[in-house]
Amino acid sequence: MKPEIKLSSWANSIASSPTLAIDAKAKELKAKGEDICVLGVGEPDFDTPNFIKEACAKALSEGKTKYIPTEGLPELRAALAQKYITENNVPGVQSSQIIVSPGGKFSCYLAILATCSPGDEVIIPAPYWVSYPEMVKLAGALPRIVFSGDDLNFKLTPQQFKDAITSKTRLLIINSPSNPTGTVYSKKELQELVEIALAHNIFILSDEIYERLTYDNIKHFSPASFSKEAAEMTITVSGFSKTYSMTGWRLGTLLACEPIAKAVGKIQSQTTSNATSFAQYGALAALENKKAADDALHHMIQAFDKRRLLLLDGLNKIKGISCLRAEGAFYLFPKISSFGMPSSTFASELLEREKVAVIPGNAFGADEYIRLSYATSEETLNKSLQRIGKFCASYV
């Protein structure tokens with residue numbers, strides 16, 4: 001008799017990552033010889049700077065391949081603490097408040113696991129990064145989605161936040177700069193949300209993975225920098241993937257008050273142990289060699305900015321599409337609702353007919369939009385715009 005395969009409620013309740021699925025589909029088509037323009041993947045198309053790779057290689061050659069403390073390489077945690085003091089203006093950060101994890105995604109999940117219990121509610125502004133609701137579900141908590149469209153510049157308003165709070169609200173997730181919209185909250189906007197959170201004893205998960213990727217002289221602000229109370233209630237997540245083009249290295253960071261940091265460390269000790277030891281020496285080099293790191297980042301930002309404006313201008317010239325000017329990250333989030341079809345249909349047919357891979361907005365809780373990444377060449381962007389224009393013209 002064939003055994004019955006019964007999956008857990010956790011496995012049955014969550015969805016696979018749509019961004020990774022579309023990227024896999026695009027790569028499959030390219031492998032078959034198709035000329036695919038990939039605007040879906042969320043990673044820089046630049047190589048990791050050589051000095052970072054060399055530091056990792058040196059650690060490997062010196063045999064630094066063994067277990068290290070679960071919380072991370074002590075020298076790296078110390079460098080991160082100093083970074084938060086000098087660059088993010090968070091006062092008095094200690095190494096004991098820092099956890100290094102295998103990826104920014106896992107750092108977010110650890111933050112949720114450490115603060116949320118089954119039945120708790122987590123407020124997630126939409127459009128949101130695809131994994132937030134699924135992480136909340138895996139913790140047994142309930143995602144409470146609050147939609148803020150392009151009429152609100154894709155930003156949660158204080159009134160929306162207040163209206164969403166219940167007696168079960170435990171956590172608010174903020175992502176600035178945002179994936180998928182490129183929106184950056186101003187200092188005043190963040191302060192208003194933090195004040196409400198503090199008044200209701202609600203934790204804030206501040207996902208700052210794109211903190212260094214901003215344009216138009218826009219500044220990024222960390223909620224933990226606003227006051228001692230804000231620092232106590234904010235869990236700041238970041239990493240090395242986007243700033244240093246280290247997506248495959250899987251190194252995320254987390255800053256929290258000591259009780260939360262200790263809880264996160266305890267959970268990590270029973271799940272992944274430490275993040276890859278020798279990779280952390282590369283990350284340490286990124287922080288210690290500031291000039292080399294800043295030079296590489298400056299080059300990357302200049303290229304991204306040029307592509308951002310090229311794609312923005314091209315999209316807004318296509319009849320039926322409207323797109324806000326992103327201020328950070330490397331995404332645009334144009335509105336495509338005028339074509340009268342779900343975003344998944346739009347994306348599927350665009351890939352099938354014109355060989356352009358984009359992410360449907362329904363993956364981010366915003367079905368009237370699609371996400372395009374400009375972390376690709378200008379040649380690919382120009383070719384994509386021509387193909388998208390042709391596709392859209394057939395529906396106008």
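Student: Which helix supplies the largest share of the lining of the largest pocket?
Tutor: In this predicted model, local features need pLDDT of at least 70, side-chain atom pairs count only at pLDDT 80 or more, and totals for chains, interfaces and linings use all residues. Residues are numbered from 1 along each chain as its sequence is written, and side-chain values use heavy atoms, with hydrogens and water left out. Helices H2 (18–31), H5 and H6 each give at least two residues to the lining. The largest share, 4 residues, comes from H2.

Student: How many residues of the lining of the largest pocket are charged?
Tutor: Asp, Glu, Lys and Arg count as charged; Ala, Val, Leu, Ile, Met, Phe, Trp, Tyr, Cys and Pro as nonpolar; the others, Gly among them, as polar. The lining has 10 nonpolar and 10 polar residues, and the charged ones number 8.

Student: Are H5 and H6 parallel, perpendicular or oblique to each other?
Tutor: Helix H5 (residues 104–115) and helix H6 (residues 131–138) pack with axes 9 Å apart, at an angle of about 40°. Angles under 35 degrees count as roughly parallel, over 145 as roughly antiparallel, 65 to 115 as roughly perpendicular and the rest as oblique. Therefore H5 and H6 are oblique.

Student: Which residues of H6 are met by H5?
Tutor: Contact means heavy atoms within 4.5 Å. From H5, Lys105, Cys108, Tyr109 and Ile112 take part, and they meet Ser131, Tyr132, Met135, Val136 and Leu138 in H6.

Definitions and conventions:
Axes are lines fitted to C-alpha atoms, for helices over the stretch in contact, and angles run from 0 to 180 degrees between N-to-C directions.
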